[in-house]
Amino acid sequence: MAFRVSSRRLCVALTTPRAAVVCPISSRYASSASAAVAQSNLPRGLKDSIAKEASLPNSDPAESSQTARLVNDQLPFMVPTYVRPPPMFEKGEGCYLWDVENRKYLDFTAGIAVNALGHCDPEMAKLLGQQAQTLIHTSNLYHNPWTGTLSKSLVEKTVESGAMHTASKAFICNSGSEANEAAIKFARKVGKVVEPSGEKYELVSFHNSFHGRTMGSLSATPNPKYQKPFAPMVPGFKYGTYNDIDGINNLVTDRTCGVIIEPIQGEGGVNVATTEFLTALRKRCDEVGAVLIYDEIQCGLSRTGLLWAHGSLPAEAHPDILTTAKALGNGFPIGATIVNEAVATKIVTGDHGTTFGGNPLGSRVAHYILSRLSDPELQKGVLEKEQIFRKHFKALQKRFPSIITEVRGKGLILGLQLTQDPTPVVTAARERGLLVITCGTNTLRFVPPLVISEAEIEEGMKIIEDAMAAVFEEPGKIEGTKGQQEMQDS
């Protein structure tokens, strides 16, 4: 019986390095096999590992696995900027991923709100291949058919959606951090034009925000833990309290050139800005001549059921600059900074630039993705799927009333606030075949592909319930998973 229980490990060990077929133990033998292992003379650590593999459908790869060998061979050559869990993924389709040992995982993370159309969308893959055989890169020293086409589409669809009614032009770049860097530079340039003395240079952002890792965007991300190793920050940044209307006037002054804010804070805990707060912020920016920047890198592109998260706000709460990335390429690296005419007229040749941004390949892909994500039927589906998630969250709150305190978010950017560390739930869910991530403080974050089906939501939420039961009804048995949000702990 011990040999039967070890079958999965033996199959993996005997396969060639690139083999992706595993021989999992039949579930009908699991309980008897576990008993046999417990009574065997195998070392305690090996017995525990085998028993775990027998009891879980997707137990993390063991230290002797093919995955571990690959990871250990590669890690010495990688700068240690991330802490990753054991699986190594090599294939994706729709809302599922497969690791190198052919274990299947339902994905509630979408690459941190990136793969809105799911993994390896067939039409996107076809288009990538076509354009890669036509023209990939020329630099911005020359025109190409797709940079301007994407820019036009971004502006027109933004205005048509009822969001940012003054949208006029777009700057195409490679990432969210680059989009925010452009926005910060543009705000500084506006300040210099409005006040040539240079006194109008301050930028305002808010606690629990996340705007990126480059020096300007990091300076707008007020977390001492992440800023301190790279201090001093870019001078001139001030930080306020999210949704604090009373603090706006003292925060935003005549010295302020720009204010950057996420309408929904993703990394900070899925915190939603109130209409009243954003309207008051817009009004104060107008009073002092400051540029208002909405960072919709995570919450935009129909994740809330509207093309842009601020699309439900009145026109008097719209921004001067709007930044986007993540879902814009559905996994292909691209970002954009959309500006109004008041900002655009102050930017001249040489003020900003990019070598790769707006390349024909990325721009054509993003143009296609935007056409899909702006579909009203897709947006309607997002709102319907939100209600399915909320139904399950309500049931979970009833089962775990002392653990779950609040549900936050809109559409398919949702947060489940817990009273305890959620990382053991991340581990338990993964070993049951579901990927989910965290954010803020003790918050489980749900940002699945927007094309996820009702059946897939039901499947995933059943795993979440089982994972929470394993963690909170038998505390101490499951270790947490580090590194499951953008701003990672060491």
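Trainee: What should I know before I start reading?

Mentor: This is a predicted model: local features need pLDDT of at least 70, side-chain atom pairs count only at pLDDT 80 or more, and totals for chains, interfaces and linings use all residues. Residues are numbered from 1 along each chain as its sequence is written, and side-chain values use heavy atoms, with hydrogens and water left out.

Trainee: How many helices and strands does the protein have?

Mentor: Helices (H or I, at least four residues) and strands (E, at least two) are DSSP runs, numbered from the N terminus. Here the protein has 18 helices and 17 strands.

Trainee: What is the strand order in the sheet of seven strands?

Mentor: Strands of a sheet pair through backbone hydrogen bonds, either parallel or antiparallel. Two strands count as paired if DSSP finds at least two bridges between them. In this model the open sheet of seven runs β4-β12-β11-β10-β7-β5-β6, with mixed pairing. β4 (167–173) and β6 (237–240) are at the edges with a single partner strand each, so one side of each lacks a neighbour in the sheet. From one strand to the next, the twist averages 20°; axes are lines fitted to C-alpha atoms, for helices over the stretch in contact, and angles run from 0 to 180 degrees between N-to-C directions.

Trainee: Which strands pair with β5, and in which sense?

Mentor: β5 and β7 (residues 256–261) run parallel, over three bridges. There, glutamate 202 has threonine 256 as its bridge partner. β5 also runs parallel to β6, joined by four bridges. Leucine 203 stands opposite phenylalanine 237 in that strand. For contrast, take β11 (residues 321–324) and β12 (residues 335–340): they pair antiparallel over four bridges. Threonine 324 faces alanine 336 there.

Trainee: Is β5 buried or exposed?

Mentor: Buried means under 20% relative accessible area, exposed over 50%, partly exposed in between (1.4 Å probe, protein chains only). Five of the five residues of β5 are buried. Glu202, Val204 and Phe206 lie on one side, Leu203 and Ser205 on the other. Across the protein, 55% of the 490 residues count as buried.

Trainee: Where is histidine 211, and what does it contact?

Mentor: Histidine 211 sits in the loop between β5 (202–206) and α10 (215–219). Its relative accessibility is 2%, so it counts as buried. Contact means heavy atoms within 4.5 Å. Leaving aside neighbours within four places in sequence, histidine 211 has contacts including Ser177, Asn180, Glu262 and Asp295. For the protein, 74% of contacts between residues at least 6 apart in sequence join residues at least 24 apart.

Trainee: What is the order of the sheet of four strands?

Mentor: That open sheet reads β1-β2-β3-β15, with mixed pairing. β1 and β15 (434–435) are its edge strands, each pairing on one side only. β1 runs antiparallel to β2 (residues 96–99), with four bridges. Glycine 92 has leucine 97 as its partner in β2.

Trainee: Which residues form the nonpolar surface patch?

Mentor: Like charges are joined within 9 Å, nonpolar side chains (Val, Leu, Ile, Met, Phe, Trp, Tyr) within 5 Å. Leu75, Phe77 and Met78 form this one, with about 350 Å² of accessible area together. Areas come from the Shrake-Rupley method with a 1.4 Å probe; for residues, only the protein chains shown count as cover. Leucine 75 lies in the loop between α5 (66–74) and β1 (89–93). Its relative accessible area is 44%, so leucine 75 is partly exposed.

Conventions. Patches are made of residues with over 30% relative accessible area and no salt bridge: like charges are joined within 9 Å, nonpolar side chains (Val, Leu, Ile, Met, Phe, Trp, Tyr) within 5 Å. A salt bridge is a side-chain nitrogen of Lys or Arg within 4 Å of a carboxyl oxygen of Asp or Glu.
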